[in-house]
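Here is my notebook from an afternoon of looking things up in one structure. Come and read along.

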Amino acid sequence: MTRHIDLDVKISTSRAWVRRLLNGPITSSTHVTEPMAMSTLQPSPPRNIKAVFFDFMGTCLNWHASVSASLPSALSSDQASGLALEWRRQYFIWNQHRLAQNLPPEDIDVTLFRTLQKVVAEYPSLSDIQKSSFDFSETGTSNVKTMIQAWHNQPPWPDVAPVLSAIKQEFPNLEMFVHANGTTRLQLDLVKSSELAGYFSMLFSSQLLGVYKPHEEPYLKALELVKLRPEEVLMVAAHAYDLRGAKKVGLKTVYVPRWTDDVDEDLERIKREQEFDFLLEGGVRGLVDVVRNLV
C-alpha cells in the first residue's frame, strides 16, 4: 500500500493543464500530514535500506527554469514555457523509441538537437518569424547550442538540498547516488551547477550503464557495481516509467510528482491504485521520514 505524505499541493498532470502554460512552481504549505495511520497500512517493508538512487532532472532539478529562459526572446513567456515542456516530452518519446528498437543510448545533446527541430517545426503557436529565430546551423554562434547547453546548467528545486543535507546528517552510512538517463558529462555539469555534488557517492548515467531506463539492465548493473541487493535500495523519481522499471527488479519506490514532468500520466489513477511504495506530493520534504522508517 502506498504511504501518502500530503503537503496540501494540488497537482494536475493533464495535458490540458500543462497547456495553460503556468510559468512557476505550484506553491504549497509546509504542514505535513499523514492521513493514513501507520496501523492501517500493510506490514512495513524490511528495515534494511542501505542506499537511495535519485533520478536527477525533474526530480531534483528544475530543468524548466533554465531551459525556458534560454529560448529566443521572440517567444512570449507562455510560448517559451509551453515549448520547453513539449521539448522535454519529445525527448522522452525519442528515448522510448530507441529503447524499443534495442538501440544504445544516444548522446543527449544530439537527442535534444533532433527533438528541438521537431518541436519548433510543429509547435502550433509559433509564427514563421519566431521559428526563424532558432538557428540550427553548425556554427559556433548558433543560439540552439546555447539552448542545449541550458540543459547542463540547472538549479535544484528548493526542497532538495535541505532534504539531502538532513539525510546525510541523520544517516551518515546511507549512500546516495544519481541514477539517471543522459551522459556522464551531463551529470558532472548538473551536480556542479546545482551545487549538489557533495551529497552523492557516484553518478550513474545511461551512457555508463549502456541502456536507457526503464529497461531492467540499468538498475541491475548499478546494483551490481555498488554490491547491493534490490531490497536494500530506494528509488526516488518524478517519473512513473522510471519507478515501474525499478519496481520490476525489486527496488522500493518513491514517486515525487513535479508539475514539469509526467504530463501524460494520470496522477489520480496512480494514487488510486497505490502503484508505488510511497507518494510525496509537494516535493521531497517527506523523504527523511520515509528513510527513517526504512533504515
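**Entry 1: a residue in a helix**

I started with Val 67, which I found in helix H2, residues 63-70. A reminder to myself: this is a predicted model, so I am reading a prediction throughout. Is Val 67 buried or exposed? Its relative accessible area is 0%, so Val 67 is buried. Next I looked up what Val 67 touches, leaving out residues up to four places away in sequence: the list is Ala 84, Trp 87, Ala 150 and Trp 151. I also checked a distance: Val 67 and Ala 80 are 13 residues apart along the chain, and their C-alpha atoms are separated by 8.7 Å.

**Entry 2: a strand and its partners**

Today I turned to strand S5, residues 233-237. Why can I call S5 largely enclosed by the rest of the structure? Because five of its five residues are buried. Then I sorted the side chains by direction. Val 233, Met 235 and Ala 237 point one way from S5, while Leu 234 and Val 236 point the other way.

Which strands pair with S5? Strand S2, residues 51-54, pairs with S5 in the parallel sense over four bridges. Phe 53 stands opposite Met 235 there. Strand S6, residues 252-255, also pairs with S5 in the parallel sense, over four bridges. In S6, I noted Lys 252 as the bridge partner of Leu 234.

**Entry 3: the helix in between**

I listed the buried residues of H11: Ala 240, Tyr 241, Asp 242, Leu 243, Gly 245 and Ala 246. What do they pack against? I wrote down helix H3 (77-100), helix H10 (216-226), S5, S6 and H12. Just after H11, I spotted Gly 250 with a positive phi of about 105°.

**Entry 4: ring pairs**

I searched the whole structure for aromatic pairs, and the search found 12. One of them is Phe 113 with Phe 136, an edge-to-face pair at 5.6 Å centre to centre with 85° between the planes. This pair links distant parts of the chain, 23 residues apart: Phe 113 is in helix H4 (residues 108-122), and Phe 136 is in the loop between helix H5 (128-131) and helix H6 (143-150). Phe 113 has 21% relative accessibility, so I filed Phe 113 as partly exposed. Phe 136 is partly exposed as well, with a relative accessible area of 22%.

Then I took Tyr 255 and Phe 276, a tilted pair at 5.5 Å centre to centre with 55° between the planes. Tyr 255 lies in S6 and Phe 276 in the loop between helix H12 (267-273) and strand S7 (278-280), so this pair ties together parts that are 21 residues apart in sequence. Tyr 255 is buried, with a relative accessible area of 1%. Phe 276 counts as buried too, at 3% relative accessibility.

**Entry 5: the nonpolar cores**

Which residues touch the most other members of the largest nonpolar core? Of its 60 residues, they are Phe 56, Leu 83, Phe 134, Phe 200 and Leu 287. Helix H3 gives the most to this core, with seven residues. Apart from this core lies another, of 23 residues, among them Leu 209, Ala 237, Phe 276 and Leu 279. I was glad to see Ala 237 from S5 turn up again.

**Entry 6: two loop residues**

Thr 260 lies in the loop between S6 and H12. At 2% relative accessibility, Thr 260 counts as buried. A polar contact of 2.5 Å joins its side chain to that of Asp 261. Not counting residues up to four places away in sequence, Thr 260 touches Asn 62, Trp 63, His 64, Leu 85 and Trp 157.

My last stop was Pro 104, in the loop between H3 and H4. How far is Pro 104 from Val 211? They are 107 residues apart in sequence, and 5.8 Å apart in space, C-alpha to C-alpha.

Technical notes. Residues numbered from 1 in each chain as written. Predicted model: local features only at pLDDT ≥ 70, side-chain atom pairs only at ≥ 80, totals over all residues. Heavy atoms only, no water. Buried < 20%, exposed > 50% of the residue type's maximum accessible area, 1.4 Å probe, protein only. Pairing = 2+ DSSP bridges. Phe/Tyr/Trp six-rings, centres within 6.5 Å; stacked < 30°, edge-to-face > 60°. Contact = heavy atoms within 4.5 Å. Core = buried A, V, L, I, M, F, W, Y, C linked by side-chain atoms within 4.5 Å. Polar contact = N/O pair within 3.5 Å; in protein donor to acceptor, adjacent residues only side chain to side chain.
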